[in-house]
Structures are given as C-alpha cells and as structure tokens.
Amino acid sequence: MFHTLETFDTEFSADSIEWCPSNSHKTIFVCGTYQLMKDEESPVNTSQSRRLGQIYMFKINENGCLTLLQKLEVPAVLDMKWAHMCQNRILLGVVNSLGYLQIYQLKNDKEKENLELLTEEKVASDREVLALSLDWCSGRWIDNNESNLNVIVSDSKGFITLFKINENDLVVINSWSAHKFEAWITAFDYWDTNVIYSGGDDCKFQRFDTRMETNPTAINKTHGAGVTSLHSNASKEFVLASGSYDESLRLWDVRNIKRPISETSLGGGVWRLKWDPFARNYLLAACMYGGFRIVDCENVETPSVIGEYNEHESLAYGCDWSFLKSAEITQRMHKTEVQNVYLISTCSFYDHILKLSAVHLKTD
C-alpha cells in the first residue's frame, strides 16, 4: 500500500508536516523541527534549555522528486497549519517553544516561492510558556473573505488563546484557562466556528462556545490518558476525531459528547490525526511508538485500519496528505493513471527523518 519515494534527513528532530491547500501551490509542503535534547521524552520539555528549530519548505517537481525551496532557522516548532481556502494570501501559522504564534506568508519572489514572516504575537507574558497547537477557523470556507479569519492556540500552561487576523496584525480576542496541565491540542468546529474543542494532559476533552462565558459547555473524561489530537471533519457536519496517549482513536457525534460513536485501538499514542482532503473518509494517524496508520472511517461506527507504515525508526509525530489528486500524482511519477493514489508525508523524532510516500487505497 505504501511506497516510499524519498527520504530526507532534517538534522533536528522532526515533529510537524503540513501540505499547502492552495490550488496554485499544492505541490508544496513544510516540515517543522525541534532540537533533540538529552533524555527528552516528548517534543515538549519543561527545562530551560535552549530549544532550536527549523522550517523546511519543499516542492514536488515535475519528475516527482523533492526540491528544497527554503530552510528557516527558528525557535523549536511545535505545530504548523496553513490557512484553508484563502486565495488572497497564502498564510502559514506556526507555534513555537518561545510561546509565539507566528504567521508566515507564502510569496513568489522571481518565480521562486519563499516564506516571509508577516506577524507574530506571544500567547502569554510568562516566558516559560510553550505554544503547543493551533487551528484556523477556515476549514470549510468556500470564499476568499479574510475578515473573519481567526486562529486558536493552546499552550503548556493549559490556556487557550483566540486570535483574529487584522490586516497584517494579530489581535487577541480572548484567553482562558482550559486545562490543569498542558493543553496539547485545540481545534475549531469547521461547521460552527463559534465552537472550539480542546484536549489536555488532564485527560479532558472539552467544548467551548465563544459566544458564552469561558466555562466549557461540555466536558468528557473518557480518554484514559492525555488528549493529544482533535480534527473536525469538513465534509461530515457532526463528526470529530480525537486521539490520545491511551492509543485509541475515538470518533464523536458532537451533538452528544458524553460517549464516542466508536473507539479503535491503533497500537501507539495517537499524536496527530488528519482527515484526507477529498471525501474525508480516511484518517491518517501518527501513532508515536506504533508508526503511522490509515483508518477507513466511512462507517463511523466501525472504523478499520487498512494501512500501516513502519519505515520510521523513531517516534511518529508528523503526518499529512497532499492535496494533489490521483491524476496529478501519477502524471508526476510517469505512471499509468491509477485511481485512489495519494501522496503522504511523514516524519519522526529522534532519527530526524522525513519520508514522502505514495499510497494506493484499494476500494471494493
């Protein structure tokens, strides 16, 4: 199912991969890194040691090979995400170990793409805070309107901070304490962006409504360990996926988060979950000690693991799907056109490896 196309050494430990969703730049993806520290058990370290990082930007060229477009030396990267469906400007959000949300803009300079820092804002005055995750509100936008472009960020002190993009500036709308320990993940409900979800090391999965007070409108304690990943499904209105250190994938009907629709063991702490960018029936999962998995979730009540990728020799942290369609992929690989072919990028921590793979998902 998986066919490894290329392998790249990222020097520092790799923990984040994101493909650009823009139609004009969907051959581009970025990888974020975090300097490997002695005896480090996770991409978050509470010591005051200096944390270094890099942002690599790659392009898939016409012969299907990787080209490195840019390498930025930055504070250690914890998470990155491109703004979806935003054609006026192509924006990349990055959260880092100094507690900043940074917004980069993808620009064409003499026909070569490059990232330029547009603006940045600290999530808290506490210099020990690490910004851990982010999400854009634009997961299912169908227009180019930036007037309501918001970003949500979680941090190592358990806070959630909501930002608004105002021209070239970031403005804090609100910030509140959501978890007793690290707020590993936060995400918008793409169908109602007044609604925000969060997951923390206190094992809580919570829902907030920004039109109301900052108290959660729902709390769930089903997860057996810290909640590390959340992703709203932009094609199925009420479906949300969650991942946890307890090694289980849970699918939720967000109208009732008292109990999940289904629970599926993935054999490793689930650090990241990504819905495929097309029908959004498949989930790509980075399972830390369990490698990478593809889960068929077309029937949300009975998800099934249909693919495993175990070519990495270290913690599986970053993964994402390309927005290139089957015909575009096979054309670049100079192969006969085959349906249901996807490009996937994955990265792992201690061995600082990035891999580009082609995946053929067979259908009945």
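The model is predicted, so local features need pLDDT of at least 70 and side-chain atom pairs count only at pLDDT 80 or more, while totals for chains, interfaces and linings use all residues. Residues are numbered from 1 along each chain as its sequence is written, and side-chain values use heavy atoms, with hydrogens and water left out.

I begin with strand 19, residues 239-244; strands are DSSP runs of E, at least two residues long, numbered from the N terminus. Six of its six residues are buried, so strand 19 is largely enclosed by the rest of the structure. Buried means under 20% relative accessible area, exposed over 50%, and partly exposed in between, with a 1.4 Å probe and protein chains only. V239, A241 and G243 point one way, whereas L240, S242 and S244 point the other way.

Which strands pair with strand 19? Strand 18, residues 227-232, does so in the antiparallel sense over five bridges; pairing requires at least two DSSP bridges between two strands. Here S232 stands opposite L240, and six residues lie between the strands of this hairpin. Strand 20, residues 248-253, also pairs with strand 19 in the antiparallel sense, over five bridges, and S242 stands opposite R250. That hairpin has three residues between the strands, and E247 takes a positive phi near 75°.

E121 counts as partly exposed because its relative accessibility is 32%.

Conventions
Helices (H or I, at least four residues) and strands (E, at least two) are DSSP runs, numbered from the N terminus.
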